[in-house]
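Here are my notes on the model, point by point. Please keep the structure open as you read.

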Amino acid sequence: MAFAAALLAATVLGGVANAKTLVYCSEGSPEGFDPGLYTAGTTFDASSRTVYNRLVEFKHGSTELEPGLAESWTISDDGLEYTFKLRQGVKFQTTDFFTPTREFNADDVIYSFERQLKADNPWNKYVAGASWEYSAGMGFPDLIKGIEKVDDHTVKFVLNHPEAPFMADLGMDFASILSKEYADKLAADGKMEQMNQQPLGTGPFTFVAYQPDAAIRYKANDSYWNGKPKIDDLVFAITTDASVRRQKLEAGECQIYPYPNAADVQALKDNKDLNVEEQAGLNVAYLAYNTLVAPFDKAEVRRALNEAINKKAIVDAVFEGQAQVAKNPIPPTMWSYNNDVKDDEYNPDAAKAALEKAGVKDLKMKIWAMPVSRPYMLNARRAAELMQADLAKVGVTAEIVSYEWAEYLKRSSDKDRDGAVILGWTGDNGDPDNFLDTLLGCTAVGGNNRAQWCNKEFDDLVKKAKQTSDQAERAKLYEQAQVVFKKEAPWATIDHSTVFMPMSKKVTGYTQDPLGIHRFDNVDIAE
């Protein structure tokens, strides 16, 4: 807390003694500040939901779209052309490191997307080793035929084929709009990587400073097109331990924090100085086998390992009942959820027999455990320990490994990765495509598809659903895809959690979001 306290002191000493400051005890460090390069909610909270905007936005607490930097749009009858009228008079933030000379226009939209779509774009590989994981995994380079500047305040996306979730996709974090003028200046100065270190956008908060693994400071954007935020300063106090986050909240060192320990929830609810919001999470946690590496390349082996894992025991231990066992790769609150799918039965004897039949003996494997709390998995180390004990009962020796969060995400995408990875997902746009294709489609192998699983039957179903406009027909296709998923078992599905958000009663205007993002543009705090 020392650095966060120093930032607060600096705010006061800076001549704004009466400023309203909100301290958010965040659960981890961002991988960077360019949301196009990453997929983690921790990174999005610190970048896209503070500094940036998108053409369309999700209403607070909803998956419903509303105008953002585009004030209106039209879609051609054939579903191939999307024309956006851009909001005029939108200013980019002025910072210590850059002063814009013009307002937001079509050039910024084209730059923000083309750098992700075109391998020959000078910004395509501006960060060493980074990739446009979201854009590539969702097939945007193949989907978008071109982006046309009609005039300074009109831009047209031309698609190669219809794409039912396209509008919802544009509300996602990777579709944030950056400043081309700032990009041009960085390129001219030979400082392109600064785009990922010192962000500048049109959003509600202006980036001020970041001390890695300690704190991030923002100030309200006084010229924000949607109205200046009610708080003057926003501080992310990075606190990876959920118990310490609770201590800081109760001591008044922060006013809000995510992902409390399940064992702490009731005590937090009983504290008269706090409010605890809760909602069913649009999420799933899973154990992803690397289906490119033997013996995990065999569906019968994966199904046997699934039978060896007692998922209910994991849910009880990690969530204390504040979650439900998962059987499908999408949550039950999402349309197209196939409730007729039969879950893997916990049956160690059957699992052991199936492994023997598959010729698997004395199997040694690794279980990767996340180093941070996420809504879908509060304590991956504890879950991994329970899996380790379960697998030992069927003759499988499991070693638990972990890495720093950004490294964990990067390494777990490798096609030659060993073992099985604990990860999960919170929906980004309320569409099943955001789970089924983004996490399990062939185009996501080597990226979000941690199982490295490419199954033609499954992929054909989800790709057909993307190009079908009728939701009832899409639902039928997704229901079939869930049956294929269960038969092939690229994951052991673990849980869907309830999400809790404790905060000081001084905080008003905070809205829990089904998409798992944390937004502070509507938040106020009592003096």
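1. The crossing of α16 and α17 is left-handed. This is a predicted model. Helix α16 covers residues 456–466 and helix α17 covers residues 471–488. Their axes come within 9 Å and cross at roughly 160°. Angles over 145 degrees count as roughly antiparallel, so α16 and α17 are roughly antiparallel to each other.

2. Which residues of α16 meet α17? They are Glu457, Phe458, Leu461, Val462, Lys464, Ala465 and Lys466. On the α17 side the contact is made by Arg474, Leu477, Tyr478, Gln480, Ala481, Val484, Phe485 and Lys487. By class, the contact has nine nonpolar, one polar and five charged residues.

3. Helix α11 (residues 311–319) and helix α13 (residues 380–392) have axes that come within 10 Å. They cross at roughly 150°, and α11 and α13 are therefore roughly antiparallel to each other. Here α11 passes α13 in a right-handed crossing.

4. The α11 side of this contact consists of Ala313, Ile314, Ala317 and Val318. These residues meet Arg382, Ala383, Leu386 and Met387 in α13. The contact of α11 with α13 divides into seven nonpolar residues, no polar residues and one charged residue.

5. Look at Phe236 in β10. Phe236 is the bridge partner of Tyr24. Phe236 is also the bridge partner of Ile216.

6. Is strand β10 buried or exposed? Five of the five residues of β10 (residues 233–237) are buried, so the strand is largely enclosed by the rest of the structure. In a regular strand the side chains alternate between the two faces of the sheet. In β10, Asp233, Val235 and Ala237 point one way. Leu234 and Phe236 point the other way. The charged residue Asp233 is among those buried.

7. The other open sheet to check has four strands in the order β4-β5-β7-β6, with antiparallel pairing. Its edge strands are β4 (70–75) and β6 (144–151), and each pairs on one side only. Neighbouring strands of this sheet are turned by 20° against each other on average, direction ignored.

8. Within that sheet, β6 and strand β7 (residues 154–159) pair in the antiparallel sense over six bridges. Glu148 has Lys156 in β7 as its bridge partner. Helix α3 (residues 106–117) packs on the sheet and touches β5 (81–86), β6 and β7. The direction of α3 makes about 165° with that of β6.

9. Gln116 sits in helix α3. Relative accessibility there is 5%, so Gln116 counts as buried. Not counting residues up to four places away in sequence, Gln116 touches Gly36, Asn124, Trp132, Ser135, Pro141 and Phe174.

10. Last, a loop residue. Ala175 lies in the loop between α6 (166–169) and α7 (180–189). Is Ala175 buried or exposed? Ala175 has 1% relative accessibility, and the cut-off for buried is under 20%, so Ala175 counts as buried. Leaving aside its neighbours within four places in sequence, Ala175 is in contact with Arg54, Phe113, Asp169 and Leu170. Ser48 is 127 residues from Ala175 in sequence, and the two are 9.0 Å apart in space, C-alpha to C-alpha.

Key
Residues are numbered from 1 along each chain as its sequence is written. This is a predicted model: local features need pLDDT of at least 70, side-chain atom pairs count only at pLDDT 80 or more; totals for chains, interfaces and linings use all residues. Side-chain values use heavy atoms; hydrogens and water are left out. Helices (H or I, at least four residues) and strands (E, at least two) are DSSP runs, numbered from the N terminus. Buried means under 20% relative accessible area, exposed over 50%, partly exposed in between (1.4 Å probe, protein chains only). Contact means heavy atoms within 4.5 Å. Two strands pair if DSSP finds at least two bridges between them. Axes are lines fitted to C-alpha atoms, for helices over the stretch in contact, and angles run from 0 to 180 degrees between N-to-C directions. Angles under 35 degrees count as roughly parallel, over 145 as roughly antiparallel, 65 to 115 as roughly perpendicular and the rest as oblique. A crossing is left-handed if the near helix is turned anticlockwise from the far one by less than a right angle, and right-handed if clockwise.
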